[in-house]
Amino acid sequence: MADPGAESEPLLSRARGGSGRDCPGGSAACRSVRDGPGAVSRRELCFDQAAVFIEDALQYRSINHRMDARSMWLYRLYYSNACQWILSFTIFLILFLAFIENPSSLTSTADVRYRSAPWNPPCGLTESVEVLCLLVFVADVSVKSYLVGWAQFRTNLWLLAYLAVLVVSLMDWIVSLSLVCQEPLRVRRLFRPFFLMQNSSMMKKTLKCVRSSLPEMASVMLLLALHLCVFTVFGMLLFTGEKQGDGQDRERLMYFRNLPEALTSLLVLLTTANNPDVMTPAYSKNRAYAIFFIVFTLIGSLFLMNLLTAIIYNRFRGYLMKSFQTSLFRRRLGARAAYEVLSSVTAVGQAHPQEVGVKPQDFLQVLQKVQLDSFHKQAVMEKVRSYGGDLLSADEFQKLFNEFDKRVIKEPPPRPEYLSPFLQRAQFLFSHRYFDYLGNFIALGNLVSISVFLVVDADVLPEDRDDFVLGILNCVFILYYLLELLLKVFALGLPGYLAYSSNAFDGLLTIILLVLEISTLAVYRFPHPGWKPEVLGLLSLWDMARLVNVLIVFRFLRIIPSMKLMAVVASTILDLIRNMRAFGGILVVVYYVFAIMGISLFRGVIVAPPGNGSLAPDNNSAPCGSFEQLEYWANNFDDFAAALITLWNVMVVNNWQVFLDAYRRYSGPWSKIYFVSWWLVSSVIWVNLFLALILENFLHKWDRRSHLQSLAGDPDTTYQMSVELLFRDVLEEPAEEELMEKLSHHPHLQLCR
């Protein structure tokens, strides 16, 4: 282990001739590795530093952290799988508390007419769990602050905000206990999503891009507001004259009764949620009134709203490439830092210090310290050995990291070897892809037969059905699936059969179907004319077998890779799923914040109607299309789960005018500000952002699908390129001067050249 003061000395120092700033001849760091008493410990220190830099490069992390031995031990412990799992679980736990703390969501229904009194935990129960989570976050911010150093901590806004949120949360927690959990508002609940955001660099980048897009979006929002105001005034003048017909009266009383109602009606029409309802009364009186609503919709919905989508797409166009560009720079910077450390060790031990490079054996020794799976380690080792015993140059060292970009595909186990020519031909036949095609065709027939009988028996009472034919077909299909399983095991061997996930899924389905079929025959006997398996409990064995049969449709997913156009679409969806964690996290944050705000504003405002808990059949007092007539009683903010569902229904914007009207009547006209704000954040900003990312990802993959195939090489190779390589051909490689300039300003390293 190095002495505590090792960090203050130049860690990357070495004498070089004719290149920049040379190390002084008497520098302790320059000669200590060669002949100092701590030569071995300093060599181990350099190897540990190189291992940490390589891990930073592999995980696209910043290298601006302390590099002494004690700090590196803490750094690697912090980023270990166990510590990161604990941190992620703590974030999940503190967010999940909203479901069980007062008001809890532990009821079978959210409908205020039928909901029983929920169980609310005693004071101190959830608060104890919460303070444990907060203490974990205190430890997290403490470790992060120590590792980056005080100088960087003071300039890091996220860490400062992290500390401020923890202080406010702990103070609010103390207030809750002092008031015996009877406080009217828990401020700390609004800050909980911050713990999710600060733990994701991609979410931080997304928020930064949203913030930079706000000025342009605000300009379109201003146009939308002006558009609404102009047409609202025009509509009020048009439908509130002194002499009115029946159509104008209905239009005025329903949608243009006053200025706020008219503005709300046109705002909802902007989303086309109440079209053509808002137009029908006036249009029924005079067809010329349709011009007003058509012009409003053309300008607002088809022009301004799509213009907003275009602005968001233009702002986020290239967002993935920019993100990958930053990741590539971090990858190259970490690799270059590791190279500088190892080459400094090599230079001190060389007879000619001018010779710059990394000894392959040194790199292999460092690689053993890196937290990496054995498959990638073996691949990199083979690549290093291919260079021979010569020193690795900077370019060769960087190219080694391309091996980490490849996703390892395990080679399937060897197939059984049969001596008989007949068995060999049978093995070839049953392992051929055409045999899979036959299985897909049989599965299609199974699915079609089930669908046909469902349609035929839809209007037949259960006691009048005859399931004889379907029972026979079901036995035949299951026997084929069993035969297919046995033949594939014969051709591939059991390890080879299970090596393919599609085969494992088919085999599991076949076993489940076989067990259900044997149980069905044991209970109901073999199918015969008039055979009707009765329902025992919720589902009969026969119904269970038919439900499992439907899962056979997933067998057709195997045809996707063989169809190029479908493969591009499917791979785009998979890439989005893998890269949408940050944007999904943003949606979780806004849902959480608005749900907590909704509980604080609207909890208890929706009250169950008097009487038997529901509208009686002869009760026609509720207007058609109203909250009460549609029985939307479950859409409330009485607990966290109900608030989430209510926000989802508003985000979809179908019938969201019902929510606007109901909460205006139950809580006041200012409730519209809350719902309109949620519509802007969720439906306008986030949905358009999601659309922009889909377009960006799909267009790049569509244009570069041939290039991706050239990168992947032979389809039978043992490696498969990762998602980052999709944009590698359009990314700009950082220059060596840029990397060295960045390294020279490292707060905890000093380059002496």
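For this notebook, axes are lines fitted to C-alpha atoms, taken for helices over the stretch in contact, and angles run from 0 to 180 degrees between N-to-C directions. The model I am looking at is predicted.

**Entry: helix 4 against helix 5**

I looked up how helix 4 packs on helix 5. Their axes are 10 Å apart and the angle is about 150°. Angles over 145 degrees count as roughly antiparallel, and that makes helix 4 roughly antiparallel to helix 5. I noted the hand of this crossing as left-handed.

Next I listed the residues that touch. From helix 4, I have Leu87, Thr90, Ile91, Leu93, Ile94, Leu97 and Ile100. They meet Thr126, Val129, Glu130, Cys133, Leu134, Val136, Phe137 and Asp140 of helix 5. Sorted by kind, the contact of helix 4 with helix 5 has 11 nonpolar residues, two polar and two charged.

**Entry: helix 5 against helix 8**

I then turned to the pair formed by helix 5 (residues 125–148) and helix 8 (residues 187–198). The axes come within 13 Å and cross at roughly 40°. That makes helix 5 oblique to helix 8. The crossing of helix 5 and helix 8 is left-handed.

On the helix 5 side I found Glu127, Glu130, Leu134, Phe137, Asp140 and Lys144. On the helix 8 side they meet Arg188, Arg192, Phe195 and Gln198. By kind, the residues of this contact divide into six charged, three nonpolar and one polar.

**Entry: the disulfide**

How many disulfides does the count come to? I got one. The disulfide joins Cys123 to Cys181, with S to S at 2.0 Å. I placed Cys123 in the loop between helix 4 (81–100) and helix 5, and Cys181 in the loop between helix 7 (157–178) and helix 8, so the pair ties together parts that are 58 residues apart in sequence.

The torsion about the S-S bond of Cys123 and Cys181 is about 70°, so I recorded the disulfide as right-handed.

Are the two cysteines buried or partly exposed? Cys123 has 42% relative accessibility and counts as partly exposed. Cys181 has a relative accessible area of 12% and is buried; the cut-off for buried is under 20%.

**Entry: one more cysteine**

Last, I looked up Cys475. At 11% relative accessibility, Cys475 counts as buried.

Technical notes: Residues numbered from 1 in each chain as written. Predicted model: local features only at pLDDT ≥ 70, side-chain atom pairs only at ≥ 80, totals over all residues. Heavy atoms only, no water. Helix = DSSP H or I, 4+ residues; strand = E, 2+ residues; numbered from the N terminus. Parallel < 35°, antiparallel > 145°, perpendicular 65-115°, else oblique. Left-handed = near helix turned anticlockwise from the far one by under 90°. Contact = heavy atoms within 4.5 Å. Nonpolar A, V, L, I, M, F, W, Y, C, P; charged D, E, K, R; others polar. Disulfide = S-S within 2.5 Å. Buried < 20%, exposed > 50% of the residue type's maximum accessible area, 1.4 Å probe, protein only.
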